[in-house]
Amino acid sequence: MSAALGPDRPLPVQTPIELYGAQTGNCIRAAIALEEAMLPYTVRLVDLRSGEHRRDPFLSLNPAGKVPTIVDHAHGESPLVLSQSNAIILYAAERAPGRLLPEQGESGRALAFERFFYFVTDVIAPNHASFFLRAQGASDASVVLDRCVLESLRMGERYVSQSTFMAGNDFSIADIAAFTIAAFLKAQIDWDELPNLQRWFRDLEERPSIARGYQAFGSSAA
Ligand SMILES: N[C@@H](CCC(=O)N[C@@H](CS)C(=O)NCC(=O)O)C(=O)O
């Protein structure tokens, strides 16, 4: 046993990660990842309605003026600041080996990455683009994208037809990405046609880390 962690010395206290955010999909994904990784964190609510994210002090943390952003003080004098939800999810996975990505086996990890990026790039990203187009008054274009998003989400049915989770029999980052977008679109999904996806969704609704991730910014509904 090293002297630093000998019986006379208390274990170092882990300073909680600060998670800046609001009740949005990207922020909830980051919160779920921290929950799954069992990393202590403190929520710093950012009031998007009043434009708090476009003013200092938040801008000095993330000049892009977007949430989520985390500040991790576990790195000595200069804390680690991360401002992309997917980087935060991957960082949580690295900090907690085996919890969000398979620890052993290249193929298991590769599959988790494949499915994670599938939901991020083929479902979540076009869903954001559709939201943006609608806000700009380009409703026809947004309807086309909405159709693609729902069609792509149906692929999840195949992923969970042979396994408990999106990338095998262990929970992974792929489930975080898939669950949050399925929850967002749940009223538009034809669940009767997707029995495996429905079973997977109901199981994850009951998962404590997911429930806590949704509550992190003050609302509980998935
Ligand atoms: N690529 C970024 C996107 C971040 C993002 O768009 N955040 C939204 C909330 S989900 C935001 O801060 N919107 C406020 C604004 O753009 O004014 C990520 O994945 O974290």
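In this report a residue is called buried when its relative accessible area is under 20%, exposed when that area is over 50%, and partly exposed in between (1.4 Å probe, protein chains only). By this criterion, both Trp200 and Phe201 are buried.

The structure is a predicted model, in which local features need pLDDT of at least 70, side-chain atom pairs count only at pLDDT 80 or more, and totals for chains, interfaces and linings use all residues. Residues are numbered from 1 along each chain as its sequence is written, and side-chain values use heavy atoms, with hydrogens and water left out.

**Ligand surroundings**

| Residue | Protein atom | Ligand atom | Distance |
|---|---|---|---|
| His53 | side-chain N or O | oxygen | 2.9 Å |
| Val67 | backbone N or O | nitrogen | 2.8 Å |
| Gln84 | polar side-chain atom | nitrogen | 2.7 Å |

On its own the ligand has 510 Å² of accessible area, of which the protein covers 74% (Shrake-Rupley method, 1.4 Å probe).

**Aromatic pairs**

The whole structure contains 12 aromatic pairs. Rings of Phe, Tyr and Trp (its six-membered ring) pair if their centres lie within 6.5 Å; planes under 30 degrees apart count as stacked, over 60 as edge-to-face and the rest as tilted. The Phe116 and Phe117 pair is edge-to-face because the ring centres are 5.0 Å apart and the planes stand at 70 degrees. Phe116 is buried, at 0% relative accessible area, whereas Phe117 is partly exposed, at 37%.

Trp200 and Phe201 form a tilted pair, because their ring centres are 6.4 Å apart and their planes lie at 55 degrees.

Methods
Polar contact = N/O pair within 3.5 Å; in protein donor to acceptor, adjacent residues only side chain to side chain.
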